[in-house]
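Let's take a walk through this structure together, one contact after another. Keep the viewer open as we go.

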Amino acid sequence: MPVTKAYPFEPEEAPPEYRGIPRIDPVLCIGCGACANACPPNAVLRIDDPQNGTRRIVLDVGRCIRCARCEEVCPTGAVRLTTEFEAATDDRDDHVEVVELRLARCRGCGKYTHYTERQVEKVLSLIPRGILDFDRVREKLPLCSECKLKLTVLNATKFGEVDGL
């Protein structure tokens, strides 16, 4: 049995508990940005482009400290730490992973909101049927901050009229 290993000529396998390079599954990512909020070295960024209606989740593996906070806070399991440990490359772009998602449009004014279409779908899928008025929630969910404020004021005014306040 050889004492020395043939690495790097033969691949070395890391143990399953090893915290390796994180990866984002673009199919599972809803673009909530929880990973960006939890990342201590800002290896994950959430960049909104309200003019074009896009949100980009950018993972820079070169900045990552493998703390796994992104994996812990991801509500869909889209961010996973792999057992990959070899990060050497000649191209800096190999360290950057980008997931681009569409922002939802406000039902009131048509402007882009602060959340993605996938976030809206995810929230709607979590609402238990029969407990809440699903259709009413669905109508209100994709509203921008301004339209939410207007709707709140309008509803408060109606409430006051009904109670005679």
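Start with Arg66, whose side chain reaches the backbone oxygen of Gly20 at 3.4 Å. Keep in mind that this is a predicted model. A polar atom of the Arg66 side chain also lies 3.3 Å from the backbone oxygen of Cys64. You'll find Arg66 in the loop between β3 and α2. What about a salt bridge for Arg66? There is none, although Arg66 is buried: the nearest side chain of opposite charge is Asp60, 8.5 Å away.

Other charged side chains do pair up, and the structure holds seven salt bridges. One of them joins Arg23 and Glu97, at 3.8 Å from N to O. That pair links distant parts of the chain, with Arg23 in strand β1 and Glu97 in strand β5, 74 residues apart. Are the two partners buried or partly exposed? Arg23 counts as partly exposed because its relative accessibility is 31%, whereas Glu97 is buried at 17%.

Glu72 is exposed, with 51% relative accessibility, while Arg69 is partly exposed at 34%.

Next comes Lys111, which has a salt bridge to Glu146 with its closest N and O atoms 3.6 Å apart. Lys111 sits in the loop between β5 and β6 and Glu146 in helix α5, so this contact ties together parts 35 residues apart in sequence. Both ends are partly exposed, Lys111 at 44% and Glu146 at 47%. Salt bridges with shared partners also make one network of Arg23, Glu84 and Glu97.

Now for the strands. β3 (residues 54-60) and β5 (residues 96-105) pair in the antiparallel sense over seven bridges, and Ile57 has Val99 in β5 as its bridge partner. β5 is also antiparallel to β6 (residues 112-116), to which two bridges join it; Arg105 is partnered there with Tyr112. The hairpin of β5 and β6 has six residues between the strands, and Gly110 takes a positive phi near 90° in it.

Finish on the surface, where Tyr7, Tyr18 and Phe85 form a nonpolar patch with about 260 Å² of accessible area together. Tyr7 belongs to the segment before β1 and, at 35% relative accessibility, counts as partly exposed.

Key: Residues numbered from 1 in each chain as written. Predicted model: local features only at pLDDT ≥ 70, side-chain atom pairs only at ≥ 80, totals over all residues. Heavy atoms only, no water. Pairing = 2+ DSSP bridges. Helix = DSSP H or I, 4+ residues; strand = E, 2+ residues; numbered from the N terminus. Patch = residues over 30% accessible without salt bridge, like charges linked within 9 Å, V, L, I, M, F, W, Y side chains within 5 Å. Areas by Shrake-Rupley, 256 points an atom, 1.4 Å probe, with all protein chains shown as cover. Salt bridge = Lys/Arg side-chain N within 4 Å of Asp/Glu carboxyl O. Buried < 20%, exposed > 50% of the residue type's maximum accessible area, 1.4 Å probe, protein only. Lys, Arg positive; Asp, Glu negative; His and termini not counted. Polar contact = N/O pair within 3.5 Å; in protein donor to acceptor, adjacent residues only side chain to side chain.
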